[in-house]
Amino acid sequence: MLDVMRRSRYLAALMFSSKSWGQWSEKLKNIFGGPSPDAVSTQDLEKLLFESDLPASIIEKLVKKTRSARNENMQATVHTLVDETVKMLSHVPNPPLNLPTPGCILLVGVNGAGKTTTAARLGHYFQKKGRVVVLGAADTFRAGATEQLITWGNRLNIEVVSKGSGADPAAVAFETWQKAKEKNALMIADTAGRIHTQVPLMDQLEKIKRVISKDGAGAPHEVWLVLDGTNGQNAIIQAREFAKAVQLTGLVITKLDGTAKGGGALSSSIELNLPIRFVGIGEKENDLIEFNLEAFVKSFYGV
Ligand code: GDP
């Protein structure tokens, strides 16, 4: 029941709040729902799919698969698109999330992707599941990031370990991990936004990982790249660069309540062979939900 409710909320948020998505889905309907959908050219379909930020290799396969369905009707075609896309994405390994106690999740990504908000929302999610959570304010570079996380912590009643702006992020991460071990908690650490060209910042990430892994307890158990879902192709470029610098274990896609269709997110997941774990559909504490492949793909095609 809860799953059904969550899914309809998911679809509603993804489909109905997005103007540009609406346009895309309109175009889809125009192409397939015309008086003679069988007259639709392969180029038309390809052009439309390219607007979705899906990788070319996938688009090629989809166009091939839908060719016969297009001779029937729009519904058959869209269902073929959904089924085939789900099938392709099913190849990305998606093992059940199995976070030990104490456990540790590191969030990485560029500034503005939604890391701080995601750290807080994940804290809330796991707290609701009965876990004790400790948040680590290891983004000590961005002005206001620490305060932002502390405000969230106060609001959600979650402990936040911080050392203030400018502190050594690795020291914050280390202290958070010690606290997590002491409290048998799940540590979720925000880290500074960085881009691949900022070598010292990328090195800093390595240092964070080093200090929390040296006790041999297996931390960090998850390293998730937070991607802004509105970023399209740019999300893929970021994902590639981060994957080179740190060993990622999953993706979180934010801002899918906005104008995003999520094609960039799907592409990143396929290209890096990384599961999408959660998606952000708003700015409130409950606006982060578990990724559901079928619901995501259906909303992607507007069905
Ligand atoms: P950070 O720099 O990566 O830590 O990014 P923040 O967590 O500060 O988020 C940047 C902005 O994006 C903030 O205004 C957030 O409220 C907003 N944001 C984050 N996630 C979402 C989301 O899923 N939907 C929407 N609409 N806004 C989001």
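1. Around the ligand, a polar side-chain atom of T117 lies 2.4 Å from one of the ligand's oxygen atoms, and this should be read with the reminder that the whole model is predicted. A polar backbone atom of G114 is 2.9 Å from an oxygen atom of the ligand, while a ligand nitrogen atom is 3.3 Å from an N or O atom in the side chain of R121. Taken alone, the ligand would expose 580 Å², and the protein buries 81% of that area.

2. The shell around the ligand holds 18 residues, and those that come nearest are G112, K115, T116, T117 and E283. Sorted by class, the shell has nine polar, six charged and three nonpolar residues. Which helix supplies the largest share of this shell? It is helix α6, spanning residues 115-128, which contributes four residues.

3. A separate polar contact can be found at T254, where a polar atom of the side chain lies 2.7 Å from the backbone oxygen of A113. T254 belongs to strand β6 and has a relative accessibility of 2%; since buried means under 20%, T254 counts as buried.

4. The largest nonpolar core has 79 residues, and within it F126, I188, F242, V279 and Y301 touch the most other members. Helix α5, residues 74-89, gives the most to this core, with six residues. In soluble globular proteins, nonpolar side chains tend to be buried together.

5. I188, one of the residues that touch the most other members of that core, lies in strand β4. Its relative accessible area is 0%, and I188 is therefore classed as buried. In sequence I188 and V160 are 28 residues apart, whereas in space their C-alpha atoms are 9.5 Å apart.

6. I59 and T85 are separated by 26 residues in sequence and by 9.4 Å in space, taken from C-alpha to C-alpha.

7. Helix α10, residues 233-245, has 13 residues, and the distance from its first C-alpha to its last is 19 Å, close to the 18 Å expected at 1.5 Å a residue.

8. Why can helix α11 be called largely enclosed by the rest of the structure? Seven of its 10 residues are buried, so the description follows from that count. The buried residues are G263, G264, A265, L266, S267, S268 and S269. After α11 comes N273, whose phi is positive, near 60 degrees.

9. N184 has a phi near 50 degrees, a positive value in a residue other than glycine, and lies in the loop between α8 (169-183) and β4 (186-191). With 46% relative accessibility, N184 counts as partly exposed. K255 likewise has a positive phi, near 65 degrees, and is not a glycine; K255 is found in the loop between β6 (250-254) and α11 (263-272), and is partly exposed at a relative accessible area of 33%.

10. Finally, there are cis peptide bonds to check. One joins T101 and P102, with omega about -10 degrees, and P102 lies in the loop between α5 and β1 (103-108). Another joins A219 and P220, with omega about -5 degrees, and P220 is located in the loop between α9 (199-213) and β5 (222-228).

Definitions and conventions: Residues are numbered from 1 along each chain as its sequence is written. This is a predicted model: local features need pLDDT of at least 70, side-chain atom pairs count only at pLDDT 80 or more; totals for chains, interfaces and linings use all residues. Side-chain values use heavy atoms; hydrogens and water are left out. A nonpolar core is a set of buried Ala, Val, Leu, Ile, Met, Phe, Trp, Tyr and Cys residues joined through side-chain atoms within 4.5 Å. Buried means under 20% relative accessible area, exposed over 50%, partly exposed in between (1.4 Å probe, protein chains only). Helices (H or I, at least four residues) and strands (E, at least two) are DSSP runs, numbered from the N terminus. A residue is near a molecule or strand if one of its heavy atoms lies within 4 Å of it. A polar contact is a pair of N or O atoms within 3.5 Å; within protein, one must be able to donate a hydrogen and the other to accept it, and residues adjacent in sequence count only if both atoms are side-chain atoms. Accessible areas come from the Shrake-Rupley method with a 1.4 Å probe; for residues, only the protein chains shown count as cover. Ala, Val, Leu, Ile, Met, Phe, Trp, Tyr, Cys and Pro count as nonpolar, Asp, Glu, Lys and Arg as charged, and the others, Gly among them, as polar. The expected span of a helix is 1.5 Å times one less than its number of residues.
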